[in-house]
Amino acid sequence: MDMLWSGWGDPARATPLPDAVTGLLRDLLGVKPRSAEPLTLDEIAVPEPAPAAALRALVDAVGGEDHVRTGAEARIRHTRGKSTPDLLRIRDGDVDAIPAAVVLPASHDEVLAVLDVCAEHRLALVPFGGGTSVVGGLSPEPRRPFVALDLARMDALVALDPVSRTATLQPGLRAPHAEALLAEHGFTLGHFPQSYEWATIGGFAAARSSGQASAGYGRFDEMVLGLTVATPAGTLDVGRAPRSAAGPDLRQLVLGSEGAFGVITSVTVRIRPLPETRIYEGWRFASFEEGTAALCRLAQDGPRPTVLRLSDETETLIGLAQPDAIGSSGFPEAAGCMAIVGYEGTEEDTAHRREHAAAVLRDAGGTCLGEAPGERWAHGRYSAPYLRDALLDAGAFAETLETAAFWSRLPELYASVREALTTTLTESGTPPLVMCHISHVYENGASLYFTVVSAQGDDPVAHWAPAKHAANEAILATGGTISHHHGVGSDHRDWYLREAGPLGIDALRAVKRRLDPMGLLNPGILLPTD
């Protein structure tokens, strides 16, 4: 099934907002219905595809015409990612970032062959997994003819080592399919980001993804043991043991590289036994400050749950802690801040961790609300992007951004980003609703994930740009990282340059020149073009 071209996910799951939410948006934020319907696929005019000579060479590289697509629909479906500005542009027919062709290789060698063709014909190349980027990661800059390298045919479980508990997966394998294949052998990857239903293994590695169960299973980059990468300069194989002191860890050059250094063609990851039980429950805290202190205690001193999340007062009040319940009643018991705490594993271990974590949470001021809020969260854990689309359809602007910092800096970071967003959007005449949650915790710090809703204004893409700029400036000024798990793309690139520093960027430029001397791979993403 193809993802909705003008929105998120399965078109059958796209539902309108409840009347209560529509009324709230109108009364609180002045949201008005859209004056015009989005264009249909047939109404979007696309430029000519790649030259015939290049297309013939691409067909030869991947073994047939069925694997090179130049039709308007295929190319539109591979245009941009799924950020709110991306969707607004594509709904208005803006296809300035459309690929000249979509190519589907079936092997590492075919990827190398496609890279050779692109070099010969001066075509840039953008690796494409699930297409779920929300930071401009699929829009090369400056605009130039490029090929979208769709890795959907590379979707196999290549090897599984039950003794070492490792699996080697191809990059185009979507997360649900990967979990199904591993489950046949009694294992799980344990990686469940909000993009889970559509994102791919290669994309997880390329963007340093972090899943909702990261407190228990870790981030995706912590799971990766080895990688094979096709580059214009040849093949790069990195990682041959669980740990090594043999020089710098070259895996780290690939993890988070967002297709700028090469195309990931296989990923070896650690796997875990399927959990015997999964339990999720809700906890109430009087304030975000109190709840944050409780999460810090669990993260540092344990016992650490598998899932550990905390919504601030606004997000809890609106009900975004459980997106599929937005607009319903039943939240009075969650006044204050809602935390979702989950446990996965053996029954004995889960019961032990749950009992001792509950003692810590109660001592920190928490009140257990039972399993019902946790189960509602688990049922709707992938619903937020569908809610975002419904908000856009209703005339609201909705976007997210995230960061992370050390625990001591988290309060200032939280306040500064909220103030930057609120002030900028209010001054533009579209006062926002700003919500936040902690969704990933570490011994030394945590992430902050903000959701912003406002009226769209006359030009919603232009209306968001100064707010995003202000938020990025606030993040760097208060000690946060420009991205915790969404990645750099083009949206964060200029701030990443400042975060990494001139010498660090020069080192990465040297890697780029060695692996991709012609600058073919995802130009302008992660690093500016020379």
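Helix α4 (residues 84–91) packs against helix α17 (residues 460–477) at an angle of about 160°, and their axes lie 10 Å apart. Axes are lines fitted to C-alpha atoms, for helices over the stretch in contact, with angles from 0 to 180 degrees between N-to-C directions. The two helices are therefore roughly antiparallel (an angle over 145 degrees). The contact (heavy atoms within 4.5 Å) involves P85, L88 and R89 of α4 and P460, V461 and W464 of α17. By class, five of these residues are nonpolar, none is polar and one is charged. Here Ala, Val, Leu, Ile, Met, Phe, Trp, Tyr, Cys and Pro count as nonpolar, Asp, Glu, Lys and Arg as charged, and the others, Gly among them, as polar.

The model is predicted; local features require pLDDT of at least 70, side-chain atom pairs pLDDT 80 or more, while totals for chains, interfaces and linings use all residues. Residues are numbered from 1 along each chain as its sequence is written, and side-chain values use heavy atoms, without hydrogens and water.

Four strands form an open, mixed sheet in the order β1-β2-β4-β3. Strands (E, at least two residues) and helices (H or I, at least four) are DSSP runs, numbered from the N terminus. Pairing requires at least two DSSP bridges between two strands. β1 (68–69) and β3 (124–128) are edge strands with a single partner each, so one side of each lacks a neighbour in the sheet. β1 runs antiparallel to β2 (residues 101–103), joined by two bridges. V68 has V103 of β2 as its bridge partner. Helix α5 (residues 108–121) packs on the sheet and touches β2, β3 and β4 (146–150). The direction of α5 makes about 150° with that of β3.

Terms used:
Parallel < 35°, antiparallel > 145°, perpendicular 65-115°, else oblique.
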